[in-house]
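This briefing covers pockets, a surface patch and salt bridges. The structure comes first, then the points by topic.

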Amino acid sequence: MLVGSVKLDLARMQARKGEVVTANVKGIEFLFKKNKVTWLKGAGRIVSAGKVEVAGTAYDAKHIVIASGSESIPLPGVEVDEQVVVTSTGGLELSKVPGHLVVIGGGYIGLELGSVWRRLGAQVTVVEFLDRLVPGMDLEVGKTFERVLAKLGIKTTLKTTVTGARRTESGVTLTVEPAAGGAAEEIAADVVLVAIGRRPHVEGLGLVEAGVALDERGRVK
């Protein structure tokens with residue numbers, strides 16, 4: 001049997017992703033009902049020890065588990081709109097393959113998404129402030145990772161800091177400088193992915209007011 005050339009149907013791929021997410025959510029709803037877990041829908045905050053407020057109604061609790069997830073750390077000078085300047089959230093929702101995707105940050109999240117879009121046809125450039133990729137991992141892992149990405153055709157620019165982003169008719173122009181100091185340069189991109197790390201999503205939960213101690217990164221001590 002002969003098979004014709006394979007083509008990417010990005011709209012169908014994204015639709016399939018949505019179907020999988022919806023199925024997972026419905027699966028959690030089923031488990032809630034099966035195990036008699038009450039689901040309160042709305043923004044919640046801790047108003048005092050043992051009391052949580054959701055959508056204006058207070059509920060008493062013997063124990064409170066904080067599991068509010070994380071959010072992308074913002075980068076000064078680079079405003080996210082989740083369309084052409086995206087976090088990992090918007091990076092999963094692109095409606096077309098960008099001609100040139102610039103990933104700010106050499107951590108595993110940015111590299112994973114960058115490699116996905118590279119395989120789908122995008123030119124990808126990774127800009128990292130430090131002198132290595134995945135700095136939280138073993139040095140040899142980072143070096144190996146860099147070689148693997150190079151074979152994929154991904155360009156890595158290390159020891160470089162991004163100081164600004166300017167919207168253009170065709171996308172975004174980034175201003176970058178050597179981390180050690182030096183002349184500024186510009187990089188033109190269709191889409192920019194900001195992936196310099198994540199932090200706990202605790203804003204608006206009322207943790208400080210309720211007496212919950214947080215460290216400098218917003219994590220519960």
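A patch is made of residues with over 30% relative accessible area and no salt bridge, like charges being joined within 9 Å and nonpolar side chains (Val, Leu, Ile, Met, Phe, Trp, Tyr) within 5 Å. Accessible areas come from the Shrake-Rupley method with a 1.4 Å probe, and for residues only the protein chains shown count as cover. This is a predicted model, in which local features need pLDDT of at least 70 and side-chain atom pairs count only at pLDDT 80 or more, while totals for chains, interfaces and linings use all residues. Residues are numbered from 1 along each chain as its sequence is written, and side-chain values use heavy atoms, with hydrogens and water left out.

**Surface patch**

- Ile-28, Phe-30 and Leu-31 make up a nonpolar surface patch with about 290 Å² of accessible area together.
- Ile-28 belongs to helix H1 (residues 10–34); helices (H or I, at least four residues) and strands (E, at least two) are DSSP runs, numbered from the N terminus.
- Ile-28 is partly exposed at 43% relative accessibility, where buried means under 20% relative accessible area, exposed over 50% and partly exposed in between (1.4 Å probe, protein chains only).

**Salt bridges**

- The whole structure holds ten salt bridges, each a side-chain nitrogen of Lys or Arg within 4 Å of a carboxyl oxygen of Asp or Glu.
- Glu-93 and Lys-17 are joined by a salt bridge (3.0 Å, N to O); Glu-93 is in the loop between helix H2 (88–91) and strand S6 (100–104) and Lys-17 in helix H1, 76 residues apart.
- Glu-93 is exposed, at 51% relative accessible area, and Lys-17 is partly exposed, at 26%.
- Glu-71 and Arg-199 also form a salt bridge (3.0 Å, N to O); Glu-71 is in strand S4 (residues 70–72) and Arg-199 in strand S13 (residues 198–200), so the pair ties together parts 128 residues apart in sequence.
- Arg-12, Arg-16 and Glu-19 are linked in a salt-bridge network.

**Largest pocket**

- The largest pocket holds about 590 Å³ of space; a pocket is an open set of points on a 1 Å grid over the protein atoms alone, where a 1.4 Å probe fits, with protein on both sides within 12 Å along at least five of seven lines.
- A volume is the space filled by probe spheres set on the points, which are joined across faces, edges and corners.
- Its lining has 24 residues, with Leu-40, Gly-44, Val-52, Val-54 and Val-65 nearest the centre; lining residues have an atom within 4 Å of a point.
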